[in-house]
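This note sets out some points for a reader who is new to protein structures. Please keep the sequence and the model in view while reading.

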Amino acid sequence: MQDKTIAELLKSEKTHVEVIVRGWVRSFRSNRFIALNDGSTIKTLQCVVDFENFEEEILKKVTVGAAIEVKGTLVESQGQGQTVEIQVSKLTVLGEANPEDVKLTILSPKRHSLETLREQAHLRIRTNTFGAVMRTRSKLAFAVHEYFQKNGFNYMHAPIITGSDAEGAGEMFRVTNLDAKNPPLDENGNVNYKEDFFEKETNLTVSGQLEAETYAMALGKVYTFGPTFRAENSNTSRHLAEFWMIEPEVAFNDLDANMDLAEDFIKYVVNYALENCADDLEFLENRLLEEEKNKPQDERSEMKLREKLLFILENNFKRVSYTEAIEILKRSKPNQKKKFKYIIDEWGADLQSEHERFLVEKHFKCPVILFDYPANIKSFYMRLNDDGKTVRAMDVLFPGIGEIVGGSQREERYDVLLQKMKTMNIDEKELYWYLDLRKFGTAVHSGFGLGFERLVQFTTGMGNIRDVIPYPRTPGNAEF
């Protein structure tokens, strides 16, 4: 007797074989037809019960949400909607689900809002929407590793606890084991971190980039893929306090090679999702179409979900300098008619999502990579250009989401990096090891960061980033 998942059975070319399958009941019609799902696919398997041969007490327990085990014969289906079904010979209820309780949960036929489902994060994965999203997330994570491993990268585990602020933003979560009510103080009345566990002030990391650079300068090509944390008090659909970052770093790559890598990598993982998540993406696309029926026409997406993914694959990413982009935006109708929330008046402005999306969706009509940004709006580690006012930075812009990748060629010159750190008041003693890299066989090197949840959000079409991570951590919310 074969013990298989529903995904395997639905693809099976063999019928009239005895099988065992376990899962959760999605529906039970006419005391005869059970729709069973086990999470391996968005689809259900029809299990046909001859109710006259089963005890009524058992059938009463086959309710929506109940966990059951079915034994029977896999046969060609006589009904529509499926190719095979199971003629049930034995049915065991593994875990009951009270019908009245189920009505109050996400398993109710009445559709709950995504906000309500976040309050039931332990159960929301039982819905079709979140099952589809999380299976897609899993496949994308595998594709990330597969791409880098196939291309000679070494996977590096960057530290989660750090004494440095890679971004210079200062929005970090502190790590300490000092008594919160009565911390030790120094002679100046400040908290004495010398008595803390690490004997210095430490935080949860915002990025593994700086540490990855050290490994790239020894192993050549490395990537990190792990959790990062930001204590930014942003209650928006684009921000999380805990999220996952993908950060490749490559020795001897300049900015052009970095842009090549970013484009090739993104196309690979998006294509992997299209090829391996077909059923889930079809469901998510139809869900999005239904959702957008309630929106005004001008707020609806111009492309269906899978069209948007193919748009990424079928178009070369347009490479445009920041300076050229500013001129385009200054002359654009939305800017001249004051339709932008943030009006572009002069060179040096920090671009917002509305500007990035205009460039991608309206002006160029293809993915865009902007490069050579003003030095004063970018991080200290980016290589200064010969003009003295721009750096070798790059951002990859996508339709519907704006920036999805940020990266740069790193500053490999010791004296230039040291001066930039002094100008930006970054403690050179704290980052002595980062400066040291420029003393011991320094070389051109580059890398980028891609927020994994942004990638999942783009691929699944979900409007809120909180709905593409299993347990979202946001201001005021650390449940579960």
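1. Buried area is the accessible area, taken with a 1.4 Å probe, that two parts lose on being put together, summed over both. Between domain 1 and domain 2 this area is about 370 Å², and carbon and sulfur atoms give 55% of it. On the side of domain 1, G39, I42 and K43 supply 85% of the area buried against domain 2, more than any other three residues.

2. On the source: this is a predicted model, in which local features need pLDDT of at least 70 and side-chain atom pairs count only at pLDDT 80 or more, whereas totals for chains, interfaces and linings use all residues. Residues are numbered from 1 along each chain as its sequence is written, and side-chain values use heavy atoms, with hydrogens and water left out.

3. The domain assignment gives domain 1 as residues 6-104 and domain 2 as 129-169 + 206-317 + 366-467; such bounds come from an automatic or database domain assignment. The C-alpha centres of domain 1 and domain 2 are 43 Å apart. Their contact (heavy atoms within 4.5 Å) takes 5 residues from domain 1 and 5 residues from domain 2.

4. Which residue forms a salt bridge with K43? The partner is D279, and the closest N and O atoms are 3.8 Å apart. A salt bridge here is a side-chain nitrogen of Lys or Arg within 4 Å of a carboxyl oxygen of Asp or Glu. Between domain 1 and domain 2 the count is 1 salt bridge. The residues on the side of domain 1 that touches domain 2 divide into 1 nonpolar, 3 polar and 1 charged. In this division Ala, Val, Leu, Ile, Met, Phe, Trp, Tyr, Cys and Pro count as nonpolar, Asp, Glu, Lys and Arg as charged, and the others, Gly among them, as polar.

5. For the chain overall, the secondary structure comes to 15 helices and 17 strands. Helices (H or I, at least four residues) and strands (E, at least two) are DSSP runs, numbered from the N terminus. The C-alpha atoms fill a box of roughly 85 × 60 × 45 Å along the principal axes. Of the 480 residues, 49% count as buried; buried means under 20% relative accessible area, exposed over 50%, and partly exposed in between, with a 1.4 Å probe and protein chains only. Among contacts between residues at least 6 apart in sequence, 67% join residues at least 24 apart.

6. Helix α13 spans residues 414-423, and its buried residues include V416, L417 and L418, as well as K420 and M421. What covers the buried residues of α13 includes β15 (390-398) and α14. Just after α13, N425 takes a positive phi of about 55°. Helix α14 covers residues 432-436 and contains D436. D436 is partly exposed, at a relative accessible area of 27%. The C-alpha atoms of D436 and Y414 are separated by 8.2 Å, although these residues are 22 residues apart along the chain.

7. Side chains of opposite charge can pair when their charged atoms come close. The whole structure holds 31 salt bridges. In one of these, E453 meets R137 at 2.9 Å, N to O. Because E453 lies in helix α15 (residues 452-460) and R137 in helix α5 (residues 128-150), the pair ties together parts that are 316 residues apart in sequence. E453 counts as buried at 1% relative accessibility, and R137 counts as buried at 10%.

8. Another pair joins K200 and E430, with a distance of 2.7 Å, N to O. K200 lies in the loop between β9 (174-175) and β10 (202-204) and E430 in the loop between α13 and α14, so the pair ties together parts that are 230 residues apart in sequence. Both ends are partly exposed: the relative accessible area is 35% for K200 and 29% for E430.

9. R392 and D372 also meet in a salt bridge, at 3.0 Å, N to O. R392 lies in strand β15 and D372 in strand β14 (residues 368-374), so parts that are 20 residues apart in sequence are tied together. D372 counts as buried at 16% relative accessibility.

10. Finally, which residues are linked in a network of salt bridges? They are E213, E249, R410 and R438.
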